[in-house]
Amino acid sequence: MSHELVIKRAQVVCPGSISNCDIGISAGRITTLGENLEGREIIDAEGLIAMPGGIDSHVHIAQPSGPGIEMADDFASATRAAACGGNTTVMPFCLPEEGQTLRAAVSEYMSNAEGRCLTDVSFHLIVKSADPVTLGQDLPALIAQGMTSFKVFMTYQGLRLTDAEILQVMDVARDQGALTMVHAENEDAIEFLRDKAERSGNTAPVYHARTRPVPVEREATHRATTLAEIAGVPLMIVHVSNGAALDEIRRARARGVRVLAETCPQYITLTADDLDRAGFEGAKWVCSPPPRDNCEQANIWAGIEGGAFDVFSSDHCPFRFADSSGKDAPGARASFRNIPNGIPGIETRLPILFSEGVVKGRISLGTFAALTATNHARIYGLENKGAIAVGKDADIVLWDPSRTSPITQERLHHGADYTPWEGFEVTGWPVRTILRGQTVMRDGAPLGQPTGLHVARGKPEAAP
Ligand code: URP
Ligand code: ZN
Ligand code: ZN
């Protein structure tokens, strides 16, 4: 049998095994894994590693961010950067604007994305109001359409839900078979510390980190897992930044609560000292939860190496630095409170974990594939994605494990005007990204037309 495309001589990372088989692809799917396959087009991948295309299940793209504030990426630039960083699917959040229904927000996001994406896209929802229309109509309808996961916030004015509201939302997740994701930070505690810092004149960017200390996240993580226990639902704690929060997750798991956990590159490579750089520079690293210290980095690594984390995502949330619609927003230099939260990272997530994790011998290739693709697909119900296996979409990324170069803004493709990892040395780069059989990145440059599709999802694996 001849294939449309055959990838030859790569080291192929499949679930549970690594071999040097050929990968046969036709009609956008992996049809054969074997020897001496024939194809109309051949990619000679000698010396390269074939991995499942990255799935980044935590990104923010063109999300409303307050009056006068704009995210640095639209769907074209975010997915171009994603593809160049070895990803084939990204999962952004749909956040309704003030007064907009969740269903109207989804329609708007869909039309913003349509025809512009270089990777596939699958939306999560953000539930910022537990009103009867959202809970009784919009959520059930959207879950039925394949948006089977949603995020709730315990922080941010205007977004946070009360415990009672979180329980109501979890109850819908239980009835409708969806997965709740939680941003766990205690807003009242942050507000108390923020007010105190401002009253003392402590307004520089580093006070963003100092007013969101570890106990703020630890307490909220404990509360979120307890609410899930009470509601009888599984949950995903996103962007876990420290060992104490991870211990709360471990304790909840020991009680029998199904808690999934996510961490991100910022928590293994950055620290709060980055926010303490001279002048306003530290604003580049303002994100929530904030990066911690070397000791917490070690705790997060221990969690990754020990299997405590299910997924490794970017939490890409890009704002331009030298821009009054970005980090330099009105009032941002007067107080850290006004600095838009979030950092760009959609293109650097995979190279950072490959270099720091695989190349430095902390995790295996199999664990890398699981943390960056396979587990995301399984957990969020992306049935055709996340693995090099017969029948799956031919979403494949070829890695050159020995290519060494630093991360620089110059070589990235996002809409932000900086990277938090400027100069960070990386060994191992994706050199070709293949989406459903079509090459969308080659040698670091985007390629071809934006053929990315919206992917409806099935029931998340952990959903009731
Ligand atoms: O600072 C961050 N992480 N901004 C993005 C929104 C969120 O909380 O994930
Ligand atoms: Zn969050
Ligand atoms: Zn986020």
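How many nonpolar, polar and charged residues does the shell around ligand 1 have? By class, that shell has four nonpolar, seven polar and two charged residues. Before I go on, please keep in mind that this is a predicted model.

Let me stay with the ligand. In all, 13 residues surround ligand 1. The closest are Lys151, Tyr156, His183, Ser288 and Asp315. As for where the ligand is, ligand 1 sits in the largest pocket.

Lys151 has a polar side-chain atom 2.8 Å from an oxygen atom of ligand 1. Tyr156 also places a polar side-chain atom by an oxygen atom of the ligand, at 3.1 Å. With Ser288 the contact comes from the backbone: an N or O atom there lies 2.8 Å from an oxygen atom of ligand 1. Ligand 1 on its own has 270 Å² of accessible area, and the protein covers 96% of that.

Ser288 brings me to the backbone. The peptide bond that joins Ser288 and Pro289 is cis, with omega at about -10°.

Helix 10 covers residues 294–305, and Cys295 is found in it. Is Cys295 buried, partly exposed or exposed? Cys295 counts as partly exposed, because its relative accessibility is 49% and the cut-off for exposed is over 50%. For a sense of distance, take Cys295 and Gly146, which are 149 residues apart along the chain. Their C-alpha atoms are separated by 40 Å.

Last, two residues with a positive phi. Ala62 is not a glycine, yet its phi is positive, at about 45°. Ala62 is in the loop between strand 8, residues 54–59, and helix 1, residues 75–84. With 31% relative accessibility, Ala62 counts as partly exposed.

The other one is His239, with a positive phi near 35°, again in a residue other than glycine. His239 lies in a loop as well, between strand 14 (235–237) and helix 8 (243–254). Why does His239 count as buried? Because its relative accessible area is 1%, and buried means under 20%.

Ser288 touches on two of my points, with a backbone atom 2.8 Å from a ligand oxygen and a cis bond to Pro289.

Definitions and conventions
Residues are numbered from 1 along each chain as its sequence is written. Chains are lettered from A and ligands numbered from 1 in the order in which they are written. This is a predicted model: local features need pLDDT of at least 70, side-chain atom pairs count only at pLDDT 80 or more; totals for chains, interfaces and linings use all residues. Side-chain values use heavy atoms; hydrogens and water are left out. Helices (H or I, at least four residues) and strands (E, at least two) are DSSP runs, numbered from the N terminus. Buried means under 20% relative accessible area, exposed over 50%, partly exposed in between (1.4 Å probe, protein chains only). A residue is near a molecule or strand if one of its heavy atoms lies within 4 Å of it. A polar contact is a pair of N or O atoms within 3.5 Å; within protein, one must be able to donate a hydrogen and the other to accept it, and residues adjacent in sequence count only if both atoms are side-chain atoms. Accessible areas come from the Shrake-Rupley method with a 1.4 Å probe; for residues, only the protein chains shown count as cover. On a 1 Å grid over the protein atoms alone, a cavity is a set of points where a 1.4 Å probe fits but cannot get out, and a pocket is an open set with protein on both sides within 12 Å along at least five of seven lines; lining residues have an atom within 4 Å of a point. A molecule sits in a cavity or pocket if more than half of its atoms lie within 2 Å of its grid points. Ala, Val, Leu, Ile, Met, Phe, Trp, Tyr, Cys and Pro count as nonpolar, Asp, Glu, Lys and Arg as charged, and the others, Gly among them, as polar.
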